[in-house]
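Please open the model in your viewer and keep the sequence panel beside it. The stops below say what to select next and what is to be found there.

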Amino acid sequence: SISWHKMRRRAKAAMPIGQQSLVLFFFLLLVVHVVLYRRAVLHLDAAWRRLPLQDRQPFSKSAVARPDQCTGEQELFDMVRRIGGKTAGVEMKMFEFEGGRFRRGLAARKPIKDGRVVLSIPGNASMSLHRAVQHPDLGPPLLREYRKGTLHEFEGLTIFLLFEAKNVSSSYRPFLCSLPKYVPLPSLEMREDFKEGMFANNSRYLNTIWTIGKMFRDGFFRAQKFFAQNPLLFPTPVDLKEWMWASSIIMSRSWGVKIPPTSLLLQNLEGPPANDRMHVLVPLADMVNHDASARKVGISEGGAIVLYAGKNLRAGEEICITYGDKCNVELMSHYGFFLPRNNKTNCEIDHILQQRMWEK
């Protein structure tokens, strides 16, 4: 009889060197895929089991104080106009999309020609860490921790958003009242059925939502020291659900812009800045939905967010922008939706995952 080792040697001898290398490459690729998938599953399962029983549900707790006293959409338009925004061509509207579901968005109030400005929001209307460190009370301690590197830019904006959300007299109040109470990001839900659906057994998807969830939770634990040191700024404790709500708002509704050269964020740092860009939350403009064929948002030198019509718009037609040429893994993990006919497979987030995948 022929032994297994003899058969293996005969097969190896009959296979060209190039084919042997190719087989070895695909075998190693399969091993890496299985290892990453199992690692993501184990981390998600462990994170789920560490949560108290009362927290094993979607993080749907908005931190906006007294939501029953929130006013209507007209107050949001008035707020934007008071600070120099141009909103004459738009209105809020509910739009039906696939599956009989509805989404809120912006519509053209009147016919608008292709390339014309439909919405312009000045930079001083947005929420950002640059604006946060200028606050007379919150700014000094927040800037101190940012300069030391104990709080990242994303976490600083999360603290600012929660600080304003808990203040019923905030100048951002109409904008805060317009924010959704819940963003359906898969990294927040931590459901036991995360292995089901169109992304089942997708290691890239699982690694992505695990990395985002880890970033949110790590930021919450780093912020605990800040909250403890500043009890007058946060008289009521910030819990994990409120932190997750604020983090999901920034993840799904913010733009990335360059930090102004004169910003306090770039002065007296204990080392080079980690990044020259920051997240910004822009009132009203954050309601514009995604269309891959639409125009990108324009950002002026003064930091204003400017939306242009991507085509000739009829009165009542939805105004859309493109969030970028993103794959479904990115759309689902960052914004909570996917496109059934999206054929893009290369994801912008892949290089970020490579940097953060093995962080402890």
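**The nonpolar core**

Begin by selecting I159, L161, F234, W245 and L284, which have the most contacts inside the largest nonpolar core, a set of 74 residues. A nonpolar core here is a set of buried Ala, Val, Leu, Ile, Met, Phe, Trp, Tyr and Cys residues joined through side-chain atoms within 4.5 Å, where buried means under 20% relative accessible area, exposed over 50% and partly exposed in between, with a 1.4 Å probe and protein chains only. This is a predicted model, in which local features need pLDDT of at least 70 and side-chain atom pairs count only at pLDDT 80 or more, while totals for chains, interfaces and linings use all residues. Residues are numbered from 1 along each chain as its sequence is written, and side-chain values use heavy atoms, with hydrogens and water left out.

Now centre on I159, which, leaving aside residues up to four places away in sequence, touches L138, L142, L151, A223, F226, F227, F234 and W243; contact means heavy atoms within 4.5 Å.

**Helix α5 and its cover**

Next select residues 139-148, helix α5, whose buried residues are G139, P141, L142, L143, E145 and Y146. Helices (H or I, at least four residues) and strands (E, at least two) are DSSP runs, numbered from the N terminus. Just after α5, G149 takes a positive phi of about 85°.

Move to β1 (residues 90-97) and β2 (residues 101-108), which run antiparallel and are joined by eight bridges; two strands pair if DSSP finds at least two bridges between them. M92 has L106 in β2 as its bridge partner. Strand β10 (residues 318-321) also runs antiparallel to β2, with two bridges, and E318 in β10 stands opposite A107.

**The disulfide**

Which residue does a disulfide join to C70? Select C177: the S to S distance is 2.0 Å, a disulfide being a pair of cysteine sulfur atoms within 2.5 Å. Because C70 lies in the loop between α2 (17-50) and α3 (73-82) and C177 in helix α7 (residues 173-178), the pair ties together parts that are 107 residues apart in sequence. The torsion about the S-S bond of C70 and C177 is about -70°, so the disulfide is left-handed. C70 is partly exposed, with a relative accessible area of 26%.
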